[in-house]
Amino acid sequence: MAKFIVTGGAGFLGSHLVDKLLHEGHEVVVLDNLVTGLESNLSSVAKNPNLTWVYQDVSAPWHDHGKVDGIFHMASPASPIDFVPLSVEILKVGSLGTLHALEYAKKHGAWYFQASTSEVYGDPTVHPQGESYLGNVNCLGVRGVYDEAKRFSESLVTAFHRREKVRTSIVRIFNTYGPRMRKNDGRVIPNFITQALDNKPITIHGDGKQTRSFCYVDDLIAGIYNFWIHQPQGPINLGNPVERNMLDVANIILEKTNSKSKLVFLPLPEGDPLQRCPVIDKAKIELQWKPKVSFEDGIDKTIEYFKSVL
């Protein structure tokens with residue numbers, strides 16, 4: 001059994017990771033200030049004796065929680081709806097939060113895991129995106145606060161690896177969906193599902209031909225856990241390489257929810273990428289991982305979740 005700190009452990013991805021770590025018999029300390037996370041995301045494991053939950057802004061100095069074997073730095077608002085109201089918080093958690101987590105890992109000789117993002121590729125001019133692509137990012141755009149926070153995090157992690165000899169791993173997470181996403185998250189899957197269940201217009205930005213690749217959360221968490229097992233330095237992409245355009249996604253959700261919603265087209269938001277799809281060759285080799293859950297099965301599970309919370 002190992003002991004881990006998970007920052008942002010009450011968030012969408014963080015809480016699923018906490019579930020996985022506890023299921024594998026590990027001890028987990030969750031640090032979260034609930035800016036976008038929810039205590040209810042940890043309700044199913046709240047009484048687990050191996051779980052400690054600490055209200056903590058990880059951008060502020062940390063208390064000592066004892067020796068740990070690993071730190072999963074998952075904290076950060078990640079939805080486009082947060083990029084303006086939480087812009088400073090996003091930059092702080094990607095800089096100060098990352099620094100505090102790395103210093104803790106160095107102090108205790110722990111392995112460190114950085115949750116980065118496909119957003120480091122910006123609006124890509126290379127498709128699909130492999131880890132060697134350096135990106136096309138507008139640091140002054142609305143999305144820049146998140147893009148640059150994660151790019152800075154990757155640089156800081158690499159500096160600690162090179163100079164301080166901290167064992168580190170970096171993942172670049174592509175679009176992920178599933179239970180525990182916020183209903184007002186602003187991303188396409190929760191938007192379409194909540195609108196369809198309420199029989200409200202499905203709002204599609206642009207012409208609907210822009211593509212994303214959607215990975216079900218269980219698959220992603222399995223890949224993240226494999227980082228602990230294999231501990232590659234990375235960065236390594238995690239995501240589902242099957243592309244889907246927004247019109248197809250909307251129509252699948254309309255069919256599965258038996259919704260009466262109509263499609264409404266809105267202007268494309270500033271800086272919104274037209275294509276986003278991972279090359280996952282490194283993940284297959286270094287993590288022995290590939291996604292298994294079909295989009296249709298994942299959407300069914302996600303719809304059932306939203307039915308239970310709406």
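Modeller: Happy to; here is a look at helix 3 and what lies around it. This is a predicted model, where local features need pLDDT of at least 70 and side-chain atom pairs count only at pLDDT 80 or more, while totals for chains, interfaces and linings use all residues. Residues are numbered from 1 along each chain as its sequence is written, and side-chain values use heavy atoms, with hydrogens and water left out.

Helix 3 covers residues 144-163; helices here are DSSP runs of H or I with at least four residues, strands are E runs of at least two, and both are numbered from the N terminus. From first C-alpha to last, its 20 residues reach 28 Å, close to the 28 Å expected at 1.5 Å a residue (the expected span is 1.5 Å times one less than the number of residues).

Among the buried residues of helix 3 are Tyr146, Lys150, Glu154, Val157 and Phe160; buried means under 20% relative accessible area, exposed over 50%, and partly exposed in between, with a 1.4 Å probe and protein chains only. An α-helix has 3.6 residues a turn, so residues three or four places apart point the same way.

The cover over the buried residues includes helix 2 (87-108), strand 5 (111-117) and strand 6 (168-173), judged by contact, meaning heavy atoms within 4.5 Å. Phe113 touches Ser169 and Val171, along with others including Phe72 and Ile224. Finally, just after helix 3, Lys165 takes a positive phi of about 60°.
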